[in-house]
Amino acid sequence: MNSQIFHPFVLPFVLGMAFVLTYCVVGLLRVIGQLPKDDRKKFWRSLVTPKTAWANVRDLVGDCLFHVKIWKRNPVLGYMHTAIAFGWFMIIVIGHVMLFTLKPLEGIELQGVERTLPNFYYPIFFKYFAEETLIFAILMDFFLLMIISGILIAVVKKIHSKIVGVKRIMHFGFADNLIRFALWTIFPFRLIAEKTNIMAFWWLYSIDLMVFMFMLPFTRYMHIPTEALFILLRHAGLKPREPRKGYALAQIYSCPSCGLCIDACPMSVNDKNSGNTSAYFMKRLRNGDREEAQRIAETCMQCGKCVAVCPVSIESCDIKMSQREAVPYTINSDHSYLGNVEPETKGNAKVLYFAGCMTQLTPKIMRAMKQIMEAAGEKYAFLDKDGGVCCGRPMLLSGKTAEAQAMMAKNTELIKQSGAKRLVLSCPICYKVFKEEYQLEGIEILHHTQYIDELIKRGKLKVDKNDVNYVYHDPCELGRAFGVYDEPREVIENIGHLRKAKSEKELSTCCGGSLGSFILTQQERDEITTNSVNDLIFNNPDEIVTACPLCLKTFARKSPVAVKDIAEVVANQLK
Amino acid sequence: MDFGFCLSPSSHVKMDSVDLTTFNRLKETNPDINTCIACGSCTATCTAGHFTEMSFRRILLMLQRGKEDEAKKMIQHCMLCGKCTLVCPRGINIRKILLDITR
Amino acid sequence: MKENILIIGGGAAGMEAATQLHKMGLNPIIVEKSEALGGHIAQWDRLFPAFHPAKDVVEKMLDQVKGIDVRLNTEVVDIHRDNNSFHAILSNNETIDAKAVILATGFDIFKAERKQEYGYGIYNNVMTSVELEKYFRTGKDERINHPKKIGFVHCVGARDVKVCNTYCSKVCCTTALKQACEIKEVFPDAEVYTFYMDLRMFGPGYEDLYLKTQKDFDVKCVRGRVCEVSEDMDGKLVIKAEDTLFGKPLKMTLDLLVLMCSMEKNKSIDAIQQKLGVGNNSDGFMQNKDMYLGMNDTAQDGVFVAGACTAPKSLPDTIGEARSVATQVYNYLKR
């Protein structure tokens, strides 16, 4: 026990702490300042709205402290992260609790500044200055050992990641490696310092902390303070508008570069492309490497799997879209010809069917839909029997919002003219943009999976069950984007037997045909398709069923078993 | 050899003086561009081609015959729907090339 | 010497190779999985370029194999090699010991359903070239009902990376022109169009056939690939293609559409092929040693290939290869 209130070795830590706090406050002001006005308003309001406020508390505890989402993905990594982060949090908290239970401070009467000064570093170097009671000593040692056990797993992961169930890890530069080394050594140094009281180790411990804190803003560990802010902003319901400002900036710094998205990304089947995953995209943005960020943004298929597995819920797909918008292609689009497009049929249909561009190349889907609607006795009209106007999503994907608006306006006009109250779509690509961007008040928008499911449930469509084993592939823009997982599965249960894919629902793998990517070559797409097909036929189904014309065409190239659209399968089983 | 006179105008494409800068630039990022067999699938399936003169097959030729301005004008009609890329029997990433032409 | 040579496949290549080996005093044994010899060619009506009846050729070949050991309705289920001889177990539980094996397994027809946009199996009036040939042979097909407008689509399942077949199937161009003439013979009033990318008239008399198609049969060749087929209210086919020479997309109503399906590797032999240690080339066909002097040889001594199992081939090509493989086998055994 050293009855004093100050020792020079605390200085590195104090300096580091002061730096990091200043940086965080400035950063916070910067992010909030960069938010567009209405977003900022939304943000303030969300902080006091009970529902979002509760969500904030829940996620701050659940995500920042306990990392619930990592536990769900991979318990070993969950423990690793919780051990380090929660353990560290606890020794800081317990340190402060001990400070308050320590009265008076070892018989030294402190006044004024002297009374508050130790508050900054006492909890960090407690054992040097004072002695804890037994219960605290046990608690502190417990959490310190817990942290060290976490660090041991991290070391194993670094050396041989497959042991902890991770195939590909991120490759870091010098700064990230140095700060990681600092982080890993902080706690062993502290343990040795506490147990031996050798002055050198107190110095090493403090200097390590300083190194960590000075480097923090320039490395991935910035996610520690930023994630809290990101959670608040996310619950306010904001969208990233610019790739390196405001909300997006908060996300960039919240990305811990854990690399979970690398294994998840369908592109990673080719090692060359694992550098095009979201973790690297965020890193490029953080480093201000715009050209590379743009290239990755345009390579991405926008399947959203990285978002689904992200333990921090980083909306990397949205940020990539804002990056595309920031550097749009410079075609001077001229879609004035759309003005001359007139609908061929005006009528009193109740249901309007819009096949979409891709479905024009899969006549089986169109014919099946026709059979289904006729069998159900629906009054329907076909909006694009002989080709229509593109839904606008591909144009949006290229970052050209205004041009997409022109097509959307034309389709809106055509749809409203039809007088139908329901719009049925066969293409999930269309479905996404119709749901998210179109203003079609009073018109219900359905994908044909939902529509068929409803027809069967309402008894309008009678189907026979056969003995075929199906596996269902969730199209990205239907599944992950809108959570349409149950309807197609229920439909399939009605007509045959459903087998499980190796990974499905929110973890379903993109077929590789995605319109989202501009850069991927046919060969790279083929590798993705083969991998995805293997996932699907894992349980030896007789047929693959999907609900997207593009997935259908893509899979058909590489699949050893028949690939069909859900509409086609249903039409074959009509009573 | 210059005989000191010639008749003009001539409707020939002057292959000797065609500027291939854009085409060569495209070739660097899209080596597939040379594999076109001019089958016309892209044009026949084109969503915009349903209403306009849009034809990717011709755009490629225009770029190789010194008609870059005409090509760029034609691209303006494109809706980027991607059908052309889906049908191309050579697997050419047409959508990317269309976007790259104007970048 | 009266050594056994196992020939897998009893089509044109298998029969011709057997005939030659037999003449050389060897003992060829043909194992054919179907109920008759003749393979694809026995299903054909007439042959290009001169409309020669396929039956003539097939009958002559069948005549020649009389007295040769043939197992019909039989497949090789297992095979292994023991130094310089092969032991094959057949599906009838018979075992054959042979000094050499000739793979003459030929090709499969591309499944037209895989090109969904062409509507085969969806629309009634879309048929394959093989089915049309059957119609010529039998005179029966309910889809053919005095068509007024008929279209032929070239390169279905060939030169198409989207179905993973990048090769040219060699015989479809000439076959399409032959069939176009033939259908015109049956329905002289019909308008016949072929949609081609390149017309590959590579053999003797083929260009003459092309000329005849244009001059005598008035078949119209449109340079462009059909990309979409749909059906109108009256059940007629509507096709879309670009007339690339005119430079505009065209739309056309047809009563009948014939898809010129490509040749694909016959995959039913894959397991045996693997056991013999013969690989595939980049087109998915069997890999021969080299395409000039080793076209009948494989990476394995004593295992030979002949005919369309290594690439799409015309009948004359196949017969030529069958004869050359016999020489190769003979020399192999004599060494």
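**Close-up views of a two-chain model**

**View 1. A nonpolar patch on the surface of chain A.** In this predicted model, helix H3 of chain A, spanning residues 50–65, provides the largest share of a nonpolar patch, namely 3 residues. The patch, which lies on the surface, is formed by A:Trp54, A:Val57, A:Val61, A:Phe66 and A:Val68, and together these residues have about 450 Å² of accessible area.

**View 2. The contact between chain A and chain B.** To this contact chain A brings 36 residues, while chain B brings 26 residues. The size of an interface is often expressed as the accessible area that is lost when the parts come together. Between chain A and chain B about 2600 Å² is buried, and carbon and sulfur atoms account for 63% of it.

**View 3. Polar contacts across the interface, and the chain A side.** Between chain A and chain B, 9 residue pairs are counted in polar contact, with both residues at pLDDT 80 or more. On the side of chain A that touches chain B, the elements giving two or more residues are helix H15 (290–299), helix H19 (393–397) and helix H26 (549–558) of chain A. Sorted by class, this side of chain A consists of 20 nonpolar, 12 polar and 4 charged residues.

**View 4. The salt bridge between the chains.** How many salt bridges cross the interface of chain A and chain B? The count is 1 salt bridge. B:Lys96 is paired in a salt bridge with A:Glu298, and their closest N and O atoms lie 3.9 Å apart.

How values were computed: Residues are numbered from 1 along each chain as its sequence is written. Chains are lettered from A and ligands numbered from 1 in the order in which they are written. This is a predicted model: local features need pLDDT of at least 70, side-chain atom pairs count only at pLDDT 80 or more; totals for chains, interfaces and linings use all residues. Side-chain values use heavy atoms; hydrogens and water are left out. Contact means heavy atoms within 4.5 Å. Buried area is the accessible area (1.4 Å probe) that two parts lose on being put together, summed over both. A salt bridge is a side-chain nitrogen of Lys or Arg within 4 Å of a carboxyl oxygen of Asp or Glu. A polar contact is a pair of N or O atoms within 3.5 Å; within protein, one must be able to donate a hydrogen and the other to accept it, and residues adjacent in sequence count only if both atoms are side-chain atoms. Helices (H or I, at least four residues) and strands (E, at least two) are DSSP runs, numbered from the N terminus. Ala, Val, Leu, Ile, Met, Phe, Trp, Tyr, Cys and Pro count as nonpolar, Asp, Glu, Lys and Arg as charged, and the others, Gly among them, as polar. Patches are made of residues with over 30% relative accessible area and no salt bridge: like charges are joined within 9 Å, nonpolar side chains (Val, Leu, Ile, Met, Phe, Trp, Tyr) within 5 Å. Accessible areas come from the Shrake-Rupley method with a 1.4 Å probe; for residues, only the protein chains shown count as cover.
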